[in-house]
Amino acid sequence: MSAERPAAAADTAQGASPPPGLDAAWAHPLLSRMMRGRRDRQRLDQRHPWLLDTAVVLIVVCIALPDLLWGSGNAPFGGRDSRDQLPFGVLCAFAAALVIPLWWRRRAPAVTYFVIALVSLAQWSLGIWLSAGISALIALYTLARHGSLRLLGWAGALAATEAALAVFVLVPVEHPLLGLFFLLGTATAAIAVGLTLRIRQMYLAALEDRARRLEIEHDQRARLTAAAERSRVAREMHDIVGHNLSVMVGVADGAATLATNRNEQAAEALRILADTGRQAMSELRRVLGVLREGQDGTRMLSPQPGIRDLDPLLARVRAAGLRVTYRTVGDLDSLSSGVQLTVYRIVQEALTNTLKHAGTGSAAEVTVTAAAGTVRIRVADSGLPPGLPVGAVSGPRTGLDDSGHGLVGIRQRAAMYTGSVTIGPRETGHGWIVDVALDVPALSASGDHLP
């Protein structure tokens, strides 16, 4: 099991400042609530799109009915309109023609606005003002929110032209300048609100898309890291298994020759054993040898590191400025070469992680214990030096370093020996700990695996 802290949670726990740009906006609680409310409204609107359209139509009807039933005919900017000279049915027809198109305002915003604008021009030409004319502002807002921006420019010009014609030519008003200012101001406000909400919707959509892409990229990076580490482990095991097979084949050939000279019956079995070993080596090179293509054509001629190579590794780490204490328990030299390589790589990755995230001012304790078929590697550091802010060295620890291996590689290596991995903050609250337990077979006195 493992206990890793995500980057955002680590920043919050240590009091670090939020990340800049879109990440800071995404982490803001107000924006999170807005996103949740927006998603709820979107789901409701997708399931029942007619609810919002019907609600808008009913609201405008409620605004228009009192003016139709009990309107006095007073114009909003002084004077009286000509509604007394027209039948009540004509007024109701104009009100219906202004309100009903709002039902299609989101499906055809441009057509809806231009139809309402034409009806508004017709009613003004008859010298009447109707409260249902507010539907023109709603249609203009909807066009700014959902419609074509090119048509929005033409709609704004049409609204300004109609307003000027209404107050100066078509409808008698006592204060035409005040009327023009009011009509242009409300039209401008409707367009501004629509564009503002449109931009906000685009911004939130961009944030959602960024969050999805970051999640996908994080998952892909983790998978690529695991694949790269498996390839690295496979290359190392290729060398180990190939070396052991070569020794086995050499011993089998020598024993077969000796048995042949002594006319023993085991000579044929030993030759079959040697041929089988050579065939296994050929298959091993064919299957795993292709993994060496990532080494740019260079072949590593030095042997794979083991327990004895930990001392030079720790010396290099100490030279880099990290104080390291090293302790061993048990007979580590009797471990197989594969287990020794795994122990070396785990210590190497853990100390690299300490140098990267805690810096050279911290200290680390390395303990390797071998007992009762279990090898335990424990690397604990003291964390950032006092007074140094989180992230001052190389950002908070997340369990995945930038080099592409890091703690993911530790898990991959521990999995080869069905081991358990615990990675996370220390119980004291200061520093980081990597604790790995490997299940290894029982060892003979010579250090080889018992059958």
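**Exercise 1. Find the contacts of Ala-259 and say whether this residue is buried or exposed.**

Leaving aside neighbours within four places in sequence, Ala-259 is in contact with Glu-264, Ala-266, Ala-267 and Leu-270. Contact here means heavy atoms within 4.5 Å.

Before going on, a word on the model. This is a predicted model, in which local features need pLDDT of at least 70 and side-chain atom pairs count only at pLDDT 80 or more, while totals for chains, interfaces and linings use all residues. Residues are numbered from 1 along each chain as its sequence is written, and side-chain values use heavy atoms, with hydrogens and water left out.

Step 1: Ala-259 belongs to helix α9. Helices (H or I, at least four residues) and strands (E, at least two) are DSSP runs, numbered from the N terminus.

Step 2: check its cover. Ala-259 has 2% relative accessibility, so it counts as buried. Buried means under 20% relative accessible area, exposed over 50%, and partly exposed in between (1.4 Å probe, protein chains only).

Step 3: look along the chain. Ala-269 stands ten residues from Ala-259, and their C-alpha atoms are separated by 10.0 Å.

**Exercise 2. Work out the strand order of the open sheet.**

Step 1: count the elements. The protein chain has 13 helices and five strands.

Step 2: read across the sheet. Its five strands follow the order β1-β2-β3-β5-β4, and the pairing is mixed. Two strands pair if DSSP finds at least two bridges between them.

Step 3: find the edges. β1 (323–329) and β4 (420–425) each have a single partner strand, so one side of each is left without a neighbour in the sheet. From one strand to the next, the twist averages 5 degrees.

Step 4: zoom in on one pair. β1 and β2 (residues 363–371) run parallel and are joined by seven bridges. Thr-328, for instance, has Val-368 in β2 as its bridge partner.

Step 5: Helix α12 (residues 337–357) lies across β2, β3 (374–381) and β5 (432–439), and runs at about 10 degrees to β3. For these angles, axes are lines fitted to C-alpha atoms, for helices over the stretch in contact, and angles run from 0 to 180 degrees between N-to-C directions.

**Exercise 3. Trace salt bridges and state where their partners lie.**

Step 1: start with the idea. Side chains of opposite charge can pair when their charged atoms come close. A salt bridge is a side-chain nitrogen of Lys or Arg within 4 Å of a carboxyl oxygen of Asp or Glu. By this rule the count is five.

Step 2: Arg-212 and Asp-209 form a salt bridge, their closest N and O atoms being 3.9 Å apart. Both lie in helix α9 (residues 176–261), three residues apart, about one turn of the helix. Arg-212 is partly exposed at 46%, and Asp-209 is partly exposed at 33%.

Step 3: join two loops. Asp-333 and Arg-308 meet in a salt bridge at 3.3 Å, N to O. Asp-333 sits in the loop between β1 and α12, and Arg-308 in the loop between α10 (266–288) and α11, 25 residues apart. Asp-333 is partly exposed at 44%, whereas Arg-308 is exposed at 64%.

Step 4: return to the sheet. In the salt bridge between Asp-435 and Arg-376, the closest N and O atoms are 2.4 Å apart. Asp-435 lies in β5 and Arg-376 in β3, so the pair ties together parts that are 59 residues apart in sequence. Asp-435 is buried at 12%, and Arg-376 is partly exposed at 42%.

**Exercise 4. Describe the nonpolar patch on the surface.**

Step 1: list its members. They are Val-61, Leu-65, Leu-69, Trp-70 and Phe-88, with about 520 Å² of accessible area together. Patches are made of residues with over 30% relative accessible area and no salt bridge; like charges are joined within 9 Å, nonpolar side chains (Val, Leu, Ile, Met, Phe, Trp, Tyr) within 5 Å. Accessible areas come from the Shrake-Rupley method with a 1.4 Å probe; for residues, only the protein chains shown count as cover.

Step 2: find the main contributor. Helix α4 (residues 49–70) gives the largest share, four residues. Leu-69, found in helix α4, is partly exposed at 47% relative accessibility.
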